[in-house]
Amino acid sequence: MKTRSRPWSALLAVMLLGAGVGAVAAEAPIAVTAASFKCMATMTPVRGFYVDNLLKGSLKDTLKVANSAQGGVYPVGSVVQLIPTEVMVKQPPGTNAATKDWQFFELDVSPQGSTIRHEGYTDVINRFGGNCLGCHAAAKPQWDLVCEESHGCAPVPLSRATIEALQRSDARCVPPQKLRPQDIEALKAFPAAPPAAPPTKP
Ligand code: HEC
């Protein structure tokens, strides 16, 4: 009898341990470092933006919300990007109610990788002085702070051509992505130095 009951208690212990580990992981914010970010071309395109998920096996859950016509709440670990230097990462429920648990990042990117210039929740500003939440908070509730072109946010002062050119000129990509003539033209119209301007000849 004794020997027969042991496997059950071992199984119970594993189950309890598993539940405990799961509960901790669901509450502690994911530690995001510069190394968490990568060349946008390795992420998954959704309409005009790109997504990923920092938690193994969770990309499909991120895609389910990103592709839903009804919107929804992005799952923990979701990474969303429109241009190489601005990122939103979804932290566990309860991390920050004001940002719906999105952590905002303003990056510098180079062939060496990413550097975090600013990160946080309600007070992150981009390189043009705009507060991330200030704009993204206007997205209608079902879109979980994701603006796109039609969710209610003030527009970004970038044409579609410039956005695509910035995406294709992500300096972290090895080998670099090929810039099309229209990308080079669009980058010229970029109001400030783009994060990864193609080399210019003096
Ligand atoms: C001027 C308002 C404004 C500011 C400031 C702003 N955004 Fe956005 N953001 C937008 C709009 C509008 C879009 C959608 C643009 C499009 O698809 O044409 C967008 C797109 C994005 C996307 C792609 C998903 C989506 O919402 O469509 C991410 C990620 C993002 N911004 C992150 C940031 C981060 C991080 C900051 C701060 C460092 C920031 N944004 C600052 C307005 C803003």
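Helices, of at least four residues, and strands, of at least two, are DSSP runs numbered from the N terminus.

1. In this predicted model, α3 is the element that contributes the most to the shell around the ligand, giving four residues. The elements that supply two or more residues to this shell are α3 (132-136) together with the strands β3 (78-81), β4 (86-90) and β5 (102-110).

2. The ligand has 27 residues around it, and those that come nearest are Leu-82, Gly-130, Cys-132, Cys-135 and Cys-147. Sorted by class, the shell around the ligand is made up of 16 nonpolar, seven polar and four charged residues.

3. How do the axes of helix α4 and helix α5 cross? The axes of α4 (residues 160-168) and α5 (residues 181-188) come within 8 Å and cross at roughly 110 degrees; angles of 65 to 115 degrees count as roughly perpendicular, and α4 and α5 are therefore roughly perpendicular to each other.

4. On the α4 side of this contact are Ala-161, Thr-162, Glu-164, Ala-165 and Arg-168, which meet Gln-182, Asp-183, Ala-186 and Leu-187 of α5. By class, the residues of the contact of α4 with α5 are four nonpolar, two polar and three charged.

5. As to confidence, the chain has a mean pLDDT of 87, with 81% of its residues at 70 or more. Residues 1-5 stay under 50 in pLDDT, and the model gives them zero contacts beyond four places in sequence. Residues 193-199 are also below 50, although this stretch has 18 contacts in the model beyond near neighbours in sequence. Where pLDDT is low, the predicted coordinates should not be read in detail.

Methods
Residues numbered from 1 in each chain as written. Predicted model: local features only at pLDDT ≥ 70, side-chain atom pairs only at ≥ 80, totals over all residues. pLDDT = per-residue confidence, 0-100. Contact = placed C-beta atoms within 7 Å. Near = placed C-beta within 6 Å. Nonpolar A, V, L, I, M, F, W, Y, C, P; charged D, E, K, R; others polar. Axes fitted to C-alpha atoms, helices over the stretch in contact; angles between N-to-C directions. Parallel < 35°, antiparallel > 145°, perpendicular 65-115°, else oblique.
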